[in-house]
Amino acid sequence: MKYDDLTNSTRAHILVQALPYIQRYYGKTVVVKYGGNAMTSEELKEQVMEDIVLLTMVGVRVVLVHGGGPELSHLMQRLGKKPEFIDGLRVTDKETIDMAQMVLAGKINKSLVNLLQMKGGQAVGLSGMDGRLIEAVIRDPKYGYVGDVTKINADIINTLLDSGYIPVISTLGCDREGNTYNINGDTGAGKIASAIKAERLIMMTDIEGIMKDRDDPDSLISSLSIKEAEELMEQRVISGGMIPKVTCCTDALNEGVKAAVIIDGRVPHAVLMEILTDEGAGTMITKE
């Protein structure tokens, strides 16, 4: 049944059910790491932006952090440059970091800002280079211009949030010598959430969440503690690409974030489901 098919009394009842959650998050900060299929599907992209604008309108302070690896790879291939990865990290030479700036800080960032504003929000696009928002050092010369975060200058983000804006951040970092670094989007989002002491960190992925059996959707784990997450990683229940995501979440929790959740970005309005319903979406990780 579609919302348009509901009676007015049913619509009012649905809206009232969201009141306790709106009260819980009013004035609080939520960091959304946006990526995966929700970033490549135009329909899902619009729904995510609608969710963020709606949350902002009811008093939730939202920071949107985005990646853009697939689009960067596409541009590289168009320009005759083959993407190369070591240990899952993109090898980023000088030419590639220039392309990353074009795609991440340029096309993707500004298109998201524009879409948020089309939906009625007020958004400002930033990269980690703006105001040295994300300071970084080189991780290992073999990866090229790939960086590890050393500092988040949270004042920039808080100033925008206090003024009613939605910060939209691409995870490029810089050092004091003027070098630009490609920063893993999940890591960047976790560090930003820690720096601003976010109420919740939401990581959008292309799977339902953490499952005891990856081939059985019914084995979804709805919530677990840091200790339980670490045990599942030791047991290889959490493995592969999910390990760095979970590690980013546990690090953020240890650094002051109240809760972190891994949600399925393929589900329409997954962000609203997570914030404004009791069951939420995906897997929530808490400190205890």
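Reader: Is Lys-258 buried or exposed, going by its relative accessibility?

Author: The model is a predicted one. In it, Lys-258 belongs to the loop between α10 (242–254) and β13 (259–264). The cut-off for the exposed class is over 50% relative accessible area. Lys-258 has a relative accessibility of 52%, and it therefore counts as exposed.

Reader: How far apart in space are Lys-258 and Lys-287, C-alpha to C-alpha?

Author: In sequence, 29 residues separate Lys-258 and Lys-287. In space, their C-alpha to C-alpha separation is 7.7 Å.

Reader: In β2, which residue is the bridge partner of Tyr-34?

Author: Strand β2 (residues 61–66) pairs with β1 in the parallel sense, over 6 bridges. Within this pairing, the β2 partner of Tyr-34 is His-66.

Reader: Which residue in β11 does Lys-33 stand opposite?

Author: β1 also pairs with β11, in the parallel sense and over 4 bridges. Here the residue opposite Lys-33 is Met-203.

Reader: Lys-33 is linked in a network of salt bridges; which other residues belong to the network?

Author: Side chains of opposite charge can pair when their charged atoms come close. Asp-186 forms a salt bridge with Lys-245, with 2.7 Å between the closest N and O atoms. Asp-186 lies in helix α8 (residues 185–195) and Lys-245 in helix α10, so this pair ties together parts that are 59 residues apart in sequence. The residues linked with Lys-33 in the network are Asp-186 and Lys-245.

Reader: Are Asp-186 and Lys-245 buried or exposed?

Author: Buried means under 20% relative accessible area. Asp-186 has a relative accessible area of 9% and is therefore buried. Lys-245, at 16% relative accessibility, likewise counts as buried.

Reader: How many residues apart in sequence are the parts that Arg-61 and Asp-162 tie together?

Author: Arg-61 forms a salt bridge with Asp-162, in which the closest N and O atoms are 2.8 Å apart. Because Arg-61 is in strand β2 and Asp-162 in helix α7 (residues 154–162), the pair ties together parts whose separation in sequence is 101 residues.

Reader: In the salt bridge of Lys-45 with Glu-42, how far apart are the closest N and O atoms?

Author: Both residues lie in helix α4 (residues 42–57), 3 residues apart, which is about one turn of the helix. Lys-45 is buried, with a relative accessible area of 14%, whereas Glu-42 is exposed, at 52%. The closest N and O atoms of this salt bridge are separated by 3.4 Å.

Reader: Which residues gather with Asp-213 in a patch of negative charge on the surface?

Author: Asp-213 lies in the loop between β11 (200–205) and β12 (223–225). It is partly exposed, its relative accessible area being 37%. The residues that gather with Asp-213 in the patch are Asp-215, Asp-216 and Asp-218.

Reader: In β8, which residue is the bridge partner of Leu-126?

Author: Strand β5 (residues 123–127) is mostly covered, with 4 of its 5 residues buried. β5 pairs with strand β8 (residues 166–170) in the parallel sense, over 5 bridges. In β8, Leu-126 has as its bridge partner Ile-169.

Notes: Residues are numbered from 1 along each chain as its sequence is written. This is a predicted model: local features need pLDDT of at least 70, side-chain atom pairs count only at pLDDT 80 or more; totals for chains, interfaces and linings use all residues. Side-chain values use heavy atoms; hydrogens and water are left out. Buried means under 20% relative accessible area, exposed over 50%, partly exposed in between (1.4 Å probe, protein chains only). Helices (H or I, at least four residues) and strands (E, at least two) are DSSP runs, numbered from the N terminus. Two strands pair if DSSP finds at least two bridges between them. Patches are made of residues with over 30% relative accessible area and no salt bridge: like charges are joined within 9 Å, nonpolar side chains (Val, Leu, Ile, Met, Phe, Trp, Tyr) within 5 Å. Accessible areas come from the Shrake-Rupley method with a 1.4 Å probe; for residues, only the protein chains shown count as cover. A salt bridge is a side-chain nitrogen of Lys or Arg within 4 Å of a carboxyl oxygen of Asp or Glu. Lys and Arg count as positive and Asp and Glu as negative; His and the chain ends are not counted. The place of a charge is taken as NZ of Lys, CZ of Arg, CG of Asp or CD of Glu.
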